[in-house]
Amino acid sequence: MADQPELTIQGWGPPPSGGSTDAAGPPALEEALPKAARRHLAKELGWTPRHTPPVPVADIRLTPPRLPEATLAALTALLGEDNVRTDREARLLRAGGKSYLDLLRRRAGDASDAPDAVVLPGTTEETAALLALCSEHDVVVVPFGGGTSVVGGLAGVDPDDRPAVALDLRRMASVQAIDVPSSMVTVGPGMRGPQLEAALAAEGLTFGHLPQSWEFATLGGYAATRSSGQASTGVGRFDDLVAGLTLATPSGVLEVGHPPASAAGPDLLGLALGSEGTLGVITELTLRVRPKPATTSYEGWSFRTWAAGLAALQRLARHDLLPDVVRLSDVDETRANLLMSAGTGARLLRGMLRGRGHGEGCLLVVGWEGLPDIVRARTRAASSLLRAGGGIRLGHQVGESWRKHRFGAPYTRDTLLDSGLMVETLETAASWSALPTVYDAVGRALRASLTAGGRRPLVMTHLSHGYPTGASLYFTVLADRDDELPIQQWLGAKRAATDALLAAGGTLTHHHAVGADHRPWLDREIGALGVEVLRAVKARLDPKGICNPGVLLPD
């Protein structure tokens, strides 16, 4: 299992270029944050940094495997001894995802959600046979790709407390075909983004789907959660880029999607995308790709207020001029980002913004990719409207700085967790008309819930993933951690924020998926009848309910 770099057990992990599960922990607070940023957080949060490391990995509690001997023997006969693992390391590495709650539990030594075994099928046929076998033996199956779920998507919670296996996708991680004339690639679900981009580059192609989890997450995970990448405004969401897929279920194999287009009844592809492992396991994907861009242009802008930035982006959307990447930070996130940037250049930028009346402004990062003439034309047209909306251009250095560090936040989170902070995120989407209301409502709910005992939360927000009709909002929340009741501290805030965003017109989730965390609210978004439709599909494909029963569908 060492052919791909692993995430760590109690954090996001070392970059894939570097490490193993035994790599050193996150950098010290003094290394991760400039002095100005540390002072800012201490002042804003009423927080005194303290050393709160996780328990040693050797001390994490893990129950013995519960698979009956007959089941283990049947799995081994099907997959081979090397592809059925019950050892401690294999199980710990697949004990849940990377949400704040997941990490809290493992940092405290709790791996009660670890699977009883890890299985590694290598083909669609093996996967279908494995699911049929597990259905016969009443064993829960949780698909596992990169392990980056942040909504409890790998919890494996079963109401009947049956034994569970993690179905690791890494043996299905190759490129099967590249159709250059049709701009399509067929791949296995266990392939990661960097490996796909490397394979496509040899043909002058790119996929261009880069979520923050890009270094670790797998293509199967993207499909199962309807992921959105940082350039989704221009490239499209992951579900926009799927031309077809194969889904192995306990009842058989489904092949859905017939490019370029079909009118043969309802599109069953939409049932598999976003199904989060509840209907079966995605074993193959056919994806739409595009020529590798000949030029890229990323730059920064500033607006005096959040409202002015929103209005400018709404105007771009109405005129079909949104960039491929768009990211507007509110005042609190802008201030934190500027303080995180050390060096002379950062100090000069802060001074320039103050001199232009934007000292408490909002930073906008935009990016265009493609043919040089088209990029120049799009940039000129969008820049004209941004200036008309009160924006001032900060230049390419700001945009390129964001691009360079865009995968870094989860690593910083590990350091902040070691220093006594609560660090978590949540996201939603709303129409342009509802965005201001949703933004205000979620911020109020989080601050009201987390302001207690002298604590003062910091709620930072950015807009991204723009559409003609609206955009997503992404909230990052920091607070002095309640070391006595840390899980309850966040659960209360999450409930308040989710109720608030739904009441204000936001979606339950934009790209993190439902998982275990959001499923109590699913009927608020799709209705009771919609939930029953999904239950009926699951009953047909997974009659014994073994496929990831702890997510998506409400109790």
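In this predicted model, helix H5 passes helix H16 in a right-handed crossing. H5 spans residues 100-107 and H16 spans residues 409-417. Their axes come within 12 Å and cross at roughly 45°. That angle makes H5 oblique to H16. On the H5 side, the contact involves Tyr100, Leu103 and Arg107. These residues meet Arg413, Asp414 and Leu417 in H16.

Angles over 145 degrees count as roughly antiparallel. H17 contributes Thr437, Val438, Ala441, Val442, Ala445, Leu446, Ser449 and Leu450 to the contact. The H18 residues that they meet include Gln489, Trp490, Gly492 and Ala493. Also among the H18 residues in this contact are Ala496, Ala497, Ala500, Leu501 and Ala504.

The structure holds 6 aromatic pairs. One of them joins Phe207 and Phe238 in an edge-to-face arrangement. The ring centres are 5.7 Å apart, and the planes lie at 80° to each other. Phe207 lies in the loop between strand S7 (205-206) and helix H8 (219-225). Phe238 lies in the loop between helix H9 (232-235) and strand S8 (242-249). The pair therefore ties together parts that are 31 residues apart in sequence. Phe207 and Phe238 are both buried. The rings of Tyr298 and Trp402 have centres 6.2 Å apart and planes at 25°. Planes under 30 degrees apart count as stacked, so the Tyr298 and Trp402 pair is stacked. Tyr298 sits in strand S12 (residues 295-303), and Trp402 in helix H15 (residues 396-405). The link thus ties together parts that are 104 residues apart in sequence. Both Tyr298 and Trp402 are buried.

Ring pairs also build a cluster from Phe207, Tyr222 and Phe238. A charge-ring contact involves Arg94 and Phe144. The charged end of Arg94 sits over the Phe144 ring, 5.6 Å from the ring centre.

Several backbone features involve individual residues. The peptide bond from Pro259 to Pro260 is cis, with omega near 5°. Pro260 is placed in the loop between strand S9 (252-256) and helix H10 (269-272). Positive phi values occur at Asn548 and Leu552. Asn548 has a phi of about 40°, although it is not a glycine. For Leu552, likewise a residue other than glycine, phi is near 70°. Asn548 is found in the segment after helix H19 (522-541). Leu552 is also found in the segment after H19. Asn548 has a relative accessible area of 2% and is buried. Leu552 counts as buried at 8% relative accessibility.

Ala129 belongs to helix H6 (residues 124-137). Its relative accessible area is 31%, and Ala129 is partly exposed. Ala129 and Gly80 are 49 residues apart along the chain. Their C-alpha atoms are separated by 13 Å.

Key. Residues are numbered from 1 along each chain as its sequence is written. This is a predicted model: local features need pLDDT of at least 70, side-chain atom pairs count only at pLDDT 80 or more; totals for chains, interfaces and linings use all residues. Side-chain values use heavy atoms; hydrogens and water are left out. Rings of Phe, Tyr and Trp (its six-membered ring) pair if their centres lie within 6.5 Å; planes under 30 degrees apart count as stacked, over 60 as edge-to-face and the rest as tilted. Helices (H or I, at least four residues) and strands (E, at least two) are DSSP runs, numbered from the N terminus. Buried means under 20% relative accessible area, exposed over 50%, partly exposed in between (1.4 Å probe, protein chains only). A charge sits over a ring if NZ of Lys or CZ of Arg is within 6 Å of the ring centre and within 35 degrees of the ring normal. Contact means heavy atoms within 4.5 Å. Axes are lines fitted to C-alpha atoms, for helices over the stretch in contact, and angles run from 0 to 180 degrees between N-to-C directions. Angles under 35 degrees count as roughly parallel, over 145 as roughly antiparallel, 65 to 115 as roughly perpendicular and the rest as oblique. A crossing is left-handed if the near helix is turned anticlockwise from the far one by less than a right angle, and right-handed if clockwise.
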